[in-house]
Every structure is written in C-alpha cells, then in structure tokens.
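Here is a friendly look at the charged side-chain pairs in this structure. Have the coordinates open as you read along.

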Amino acid sequence: SSLTRSEPPLSQAALSIPAAPPEYLHVRLQECPGQEESQASVTSVDPIFQVPISKAVQLTTNDAVKTTLLVELDISKTDFSYQPGDAFNVICPNSDSEVQNLLQRLQLTDRREHCVHLKIKEDTKKKGAALPPHIPDGRSLQFILTWCLEIRAVPKKALLRALVDHTSDGQEKRRLQELCSREGAADYNRFVRDERAGLLDLLLAFPSCRPPLRLLLEHLPKLQPRPYSCASSNLSHPGKLRFIFNIVEFLSHTTKEVLRKGVCTGWLAAVVAPVLRPDMRVSRAEGGKAPAPEISISPRTTNFFHLPSDSSAPVIMVGPGTGIAPFIGFLQHREKLQEQHPDGHFGAMWLFFGCRHKDRDYLFREELRRFHQRGVLTHLKVSFSRDAPVGEEEAPVKYVQDNIRLHSEQVARLLLHERGCIYVCGDAKNMAKDVSDTLVEIISKQAGVEKLEALKMLATLKEEKRYLQDIWS
C-alpha cells in the first residue's frame, strides 16, 4: 500500500466516512490596482520589527550531516529588547516555487494578482461561521498564499473529506475516502501524517482532484511565525541579536521523491546567502557592499528560560546541537557580569553539549573553550555521538545523558543540596525525555529513594522553576 493505493482488507472494506464539512465562504476574485504588499501588514497582535541582517556565518563544515548557520540581526534602531534565554518569532513566507505550483494546479496563475474578497455564504450550514481572521481582505491571491496560509500543513481528515467531492476519478476518490475514514486511520497516519504530506503532495498524488479556491481558504490554517532562541547577550553584543538554526531538509516520498527544505530555514538560508561567511572571523562590514537583507521579527511573550536571579546559584545547562543557543547567551551575559563585579559571588556553570562529530559540527568550539579558560564556564562536558574511539581509548560517551550519568554525584549534589538550577534545551521527543529519565535514575540512586519518590522530587524542581525546559518537537 502507499499514499495512492490500499491493500486488502482496507481496499475491500465498507467505510465509515465522515459527513462533508459544510461550505461557508463565498470567494470573489477581482482585478485590483497594483499595490505594494508588505508582509508586516499580515494581521498580528505583536509589534513587528523589520531589521537588517548584519552577519551570517556557517558554523558547520561542508561535510557535516546538517548545516548550521548563525545569523546576527541589527536591532539598534528599534526598541526590541531581550534577555538571554528569551525566544523571538521570525515571520517567514512560503516557498515561492510551491506557491507557483499551487496556483498552477488550481488553474489560477493568470489571476494571482487579483484581490481576494470573502464573505460568509448566506445559506451555510456551518454553525458560528466567521471569516478567517488570518486572511486580510482585498489582498492579492499571491500574497495570501505566500504570507497567510500554511500550505505545507499536514491536511486534517476534514480537508481530505472535502477533497473527495472534487475528485472525478473513481479509484482516486475511493482512496481519499479510505484516508479520511475510521477504517483507514492507520493508513492516514502512515502515509499522510508521518510522511508530512502537504496539500501539494496530495494534489500531485490525485491528479483528478480539482478543489475550488474556497475549499483551501476554509481549511488551510494560518501560516505561523517560527520561534528561535536568542543566542547572544545584549551586554556582550549591544544593539545586536544572534540566533542559530539548522537548514532543515527532508525527502517527501509521497508520489515522487522531492527534497524539501523547512519553510523558514530554507527561506532564511536563501535570504542570508549573499552575506554568508564560512567562519566567525570575517565581518560583513567591508564597505561598498549591497544593502543588508532585512527580515521581520516579533517578540515572544511567554519567556521563562532565564538565569536565576541569585547569581551564586549553580547552573547546569544541557543542550545538544542547536539547543546550545540560549546557553551561549547565558555565558556571554555571565562573562560581562563577572567583569563588572570582580568581587561578586558567582555559582558554578556546567555545560553538557553534544554533537555528531568533533571536527564537523562542534558549534561555538572556540568560544566555549575561551569561557572555560576564563572560568566563566566551570565544567565543559562534550559528547560526540558518531565519532569512533581512537586506538586504545574506551568507547567515547555518546549522548548528553550519558555524560550526565557519568557525573551523577555532582549533578545530584548541585540540584538536591546546593539549590542549583538545570536548563534543558533542544529536541523534545528523544533528548529531553532521555535527560528526564536519567535525572530520575540519578536522584533515585544518589538520594536512596524509590523511582516514584525521585519523580516527585523532579516535579518539585519544576514547580520551583529550578528545572526548566525550552524544547521543541
């Protein structure tokens, strides 16, 4: 079986198909005067700041598994402010080529500059029908598909059910019915959800499906801004904001193999390409260069991932890969505070960092060594998951949780007896869970308590804001 075909028993089953979602939008496309359309005009509660990129650096070697870029923004002419550990939003568009493909597939290429006007259908059966707040009135179709709708979103079953009624081929219609039925739940998960199939993938897979524009505007969610952790301190880089990201790449296997880039990271990589440098030593300011590219950002209000107010409290930081970002801000901040208060009492700072290869993707290696040499970072513990042991060496520690386990006595002492704080940043699915399990194991062993009691002690650390996670799926 695949996205487009099923096997028995599903292919022969009687299906429980949900009722078609009621139509509720009336769409009018109208020629409109040529107008400048900026993304900042997308409805948003937050203030939006348009800021120039002052630097872009590739932190990984060209043979690394993932490419990691550091981008520095110039926020000196705005009133945007941040603390180390904060995150902010990048407002990004959909891929231009995907928007053009969608327009072509909808047979609307020649009307892409037309303005879109929406109103609620008078005879709609939808309860509480309202105009989608993320679709501004009177903007061009191209603008709405580029800046307002998440065209890559994994289609919900309601959208699949709506597509059934606009599919003329019998076999294709049956397969779409299977995918939105109760009986086809496993196939939906396997071929749509887990494969991250988007609307374009479905339209490629089912060529007789011809949905009207209305259907897309009713079902596609709002294009969300993407959050990034600040990877700098304003004390260390006044008027600048740094962040890092991996250029996300994945194969879409739906009908033919297509290499896709992350919506935001793929766009950012293209935006910074003209100013990208291969290492940290070269700055962009070399005079006579083209104007710096600009991006739009907005603050994120739910910020909690901050250094303890008591600077004497010990700090344990756990961040493999790009999860190191907020900790670079922490360390820059602490370094400046120690310079400003030479007689101050500052607690120990531990960093557990992990990457694949020491010589390919050890992010901020020189900067971390400098923090360590200066005593800002008291303990630097790095693990390399893909490097083989050299000669007679013992097998190296592979992951951050292995390194934490190796130093379990000190970790337990800092957390249980010295009012220390632990910060975990990175991937929620695997790393954060493994770190949490390791902490339970360590507390259980070092405090001599049962696992359930260790879980309660960890929960108490969370309540006291001494175990903080900034994790993403």
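Let's begin with Asp437, which is partly exposed because its relative accessibility is 40%, a value between the 20% and 50% cut-offs. This is a predicted model, and in it the side chain of Asp437 meets that of Lys433 in a salt bridge, with an N to O distance of 3.0 Å.

Where do Asp437 and Lys433 sit relative to each other in helix H13? They are four residues apart in this helix (residues 428–447), so about one helical turn separates them. Lys433 also counts as partly exposed, at 47% relative accessibility.

Glu98 and Arg260 form a salt bridge through their side chains, at 3.7 Å from N to O. This pair joins distant parts of the chain: Glu98 belongs to helix H1 (residues 96–105) and Arg260 to strand E9 (residues 258–261), 162 residues apart. Are these two residues buried or exposed? Both Glu98 and Arg260 are buried.

Another salt bridge brings together the side chains of Arg419 and Glu464, at 3.6 Å from N to O. Glu464 is partly exposed, its relative accessible area being 37%.

## The wider picture

How many salt bridges does a search of the whole structure find? The total is 27. Salt bridges also connect Glu335, Lys336, Glu339, Arg370 and Arg374 into a network.

Note on methods:
Residues numbered from 1 in each chain as written. Predicted model: local features only at pLDDT ≥ 70, side-chain atom pairs only at ≥ 80, totals over all residues. Heavy atoms only, no water. Salt bridge = Lys/Arg side-chain N within 4 Å of Asp/Glu carboxyl O. Helix = DSSP H or I, 4+ residues; strand = E, 2+ residues; numbered from the N terminus. Buried < 20%, exposed > 50% of the residue type's maximum accessible area, 1.4 Å probe, protein only.
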